[in-house]
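Subject: Structure handover

Hello,

Here is the structure I promised to pass on. Please keep it open while you read the notes below.

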Amino acid sequence: MKIIIAGAGSVGRYMAEQLSKFGHDIVLIDTSAKAVGRVDNQSGNIVGLVGDGCEVSTLANAGAKDADVIAAVTGDDEDNLVISLLAKQEFGVPRVVARVNNPNNEWMFNEMWGIDVSVSTPHLLTALVEEAVAVGSLVKLLSLEHGKAGLNEVTLAEGSPAIGKAISQLALPRESTVVAVIRDGHVVVPTPDTVLHAADEVLILATGDVESELGNALIGNK
Amino acid sequence: MFGRKKSASAPEVPSVVGVNISEAPRRERTTIVGKVVRMQSKPAHGLPTMVVSIGDETGTCIATWTGRRTIGAITLGRRIAITGVGTDASGILTFVNPEYQLLI
Amino acid sequence: MHMIIVGCGRVGSTLAKELSSEGHDVVIIDRDATAFRRVGENFTGKTITGIGFDRGVLTSAGITADSAVMAVTSGDNSNILIARVARELFGVSNVVARIYDPRRAAIYERLGISTVATVAWTSNRIRQTILPHESEPEWSDPSSTFQLVERRVSAHLAGTTIEKTEANIVLLHRVSTTEVPARSTVLQQDDVIHILATAQEIAAFDAQLSSAATSHNGGHS
């Protein structure tokens, strides 16, 4: 795939290096030649471009017309929004991924600015911390498909109505599916007959607004 | 004293040339000439979005304007030309915030 | 009029002082509180330290759909964000964004945002855009019979041909192009036109523009 990464900070460089190892063609853009120069181009698939990703000419030079994905990951939310809008509007890039630096700006990171997927590190970190400490609560780890699907997690507390039941016996909402059960550090691939234990970490993929039904099935009434 | 001139020398509006919707390339700056066949206002994330379906004899495409509910004189039946970079966003040729020209 | 200016640099502070002394209700926003020294101690408007595209900050500035918003920070991207948030979230139709990079201006004008390129007389240009009817004409002939004025086409007038307006529209600016328009040209919302005519004829044109002045141009209402 042809991927453009705008922003050669530590995040952008890491992404470029990792993605290039998978064989993708990467163009890494930054206004700083020094930043671009720091990238480790072992794979030989990374092309550095010194320029402002907020300019149509720079994106054109980066091959935006043929790019499959653009990741706007600078440390500046305004730049990420503008880069995304230009990528979608002027070049029709199919998948636009953007980084949210300040969670107060997260509300703008959607189709209104040409963004397909936004990633907010503070948000993710909070969710992961919640996941680590919250036993007996439903934690939303990740939103997918423009927010239409979500990956949720519950660590079953002692009083959970799900304990001792097989997955097929749980009153799970129709638009959800258990995708993994983590038990004692191992991943148990869930089948309809898998019986749940206390302290199991259950990962559920759900579409639609099913939080309360999931809560009822796995946490019980408070 | 001099008599009012009726702008005989003013330029004529050049006729707009577009490609057929069925033959329109993707991800290239393109002009489509057609008629507004459907208008929708689709709020997204609490903000207004205007979705206009434009048709010519060969097919239909969509022009989306973000952050607006209406644009003056873009109404059903209006002849219009739009210029932008089209994609197959929702399975149909779609333009986001294109330039447009109202035609008579 | 309630006016919100974002960016207290040279242009922003000049506008703030002028508009405030003319009796408008002015709020000026800047990320950096030290910038407010530019408006001086006698400034009767309100200053707010904060980010101009933040919803909370704009709400505390008292933004309503009837406000005028001028985005004149030193960053093109910030100005675009401010303009879009004002228009799309708060339904403000009277919005101007200053743009340093003229190539970017065209793209934003497609979003229906009025832009003003940075020039020596930027604050005047912005004033004219926000208060077209309270500004001096760009030019008058020696006998003061004819004036050259700039107007922005409203949603109401869109769809009318230049010929039908019966006004002497000598120049039309649309997105990235400025040209002498044909009389059969159909006017579009947000077109910026220049009219060379008598004050009476201009007033007649203004009446056509504002026949439905209460409807917001593409705003959120």
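**Ground rules**

This is a predicted model: local features need pLDDT of at least 70, side-chain atom pairs count only at pLDDT 80 or more, and totals for chains, interfaces and linings use all residues. Residues are numbered from 1 along each chain as its sequence is written, while chains are lettered from A and ligands numbered from 1 in the order in which they are written.

Helices (H or I, at least four residues) and strands (E, at least two) are DSSP runs, numbered from the N terminus. Two strands pair if DSSP finds at least two bridges between them. Axes here are lines fitted to C-alpha atoms, for helices over the stretch in contact, and angles run from 0 to 180 degrees between N-to-C directions.

Now look at strand β4 (residues 68–71) of chain C. Ala68(C) and Met70(C) point one way, Val69(C) and Ala71(C) point the other way, and all are buried. A residue is buried if 20 or more other C-beta atoms lie within 10 Å of its own, exposed if 12 or fewer, and partly exposed in between, with C-beta atoms placed from the backbone.

Which strands does β4(C) pair with? Strand β1 (residues 2–6) of chain C is one partner, parallel, over 4 bridges. There, Met3(C) has Ala68(C) as its bridge partner. Strand β5 (residues 94–99) of chain C also pairs with β4(C), again in the parallel sense over 4 bridges. In β5(C), Val96(C) is the bridge partner of Met70(C). From β4(C), the chain crosses through helix α3 (residues 76–89) of chain C to β5(C), and this β-α-β crossover is right-handed. That term applies if, with the strands pointing away from the viewer, the path from the first strand over the helix to the second runs clockwise.

**The antiparallel sheet of chain C**

Chain C also has an open sheet of 5 strands in the order β7-β8-β11-β9-β10, with antiparallel pairing. β7 (139–140) and β10 (177–179) of chain C are at the edges with a single partner strand each, so one side of each is left without a neighbour in the sheet.

Take the pairs in turn. β7(C) and β8(C) are joined by 2 bridges. Trp139(C) stands opposite Leu148(C) in β8(C). Strand β8 (residues 146–152) and strand β11 (residues 192–198) of chain C share 7 bridges, and Glu150(C) has His194(C) as its bridge partner. Strand β9 (residues 169–174) of chain C pairs with β11(C) over 4 bridges. His173(C) is partnered there by Val192(C). Helix α7 (residues 199–209) of chain C lies across β8 and β11 of chain C, at about 140° to β11(C).

**Cores**

A nonpolar core is a set of buried Ala, Val, Leu, Ile, Met, Phe, Trp, Tyr and Cys residues joined through C-beta atoms within 7 Å. The largest has 90 residues, and Ile5(A) and Ile70(A) have the most contacts inside it. A second, separate core of 34 residues includes Phe95(B), Ala158(C), Leu187(C) and Ile193(C).

**A loop residue in chain A**

Gly51(A) sits in the loop between β3 (46–50) and α3 (56–61) of chain A. Is Gly51(A) buried or partly exposed? It counts as partly exposed because it has 17 C-beta neighbours inside 10 Å.

**Chain B and its interface**

Chain B has 0 helices and 6 strands. Of its 104 residues, 35% count as buried. 18 residues of chain B are in contact with 23 residues of chain C. Two residues are in contact if their C-beta atoms, placed from the backbone, lie within 7 Å. The chain B side has 9 nonpolar, 5 polar and 4 charged residues. Ala, Val, Leu, Ile, Met, Phe, Trp, Tyr, Cys and Pro count as nonpolar, Asp, Glu, Lys and Arg as charged, and the others, Gly among them, as polar.

Best wishes
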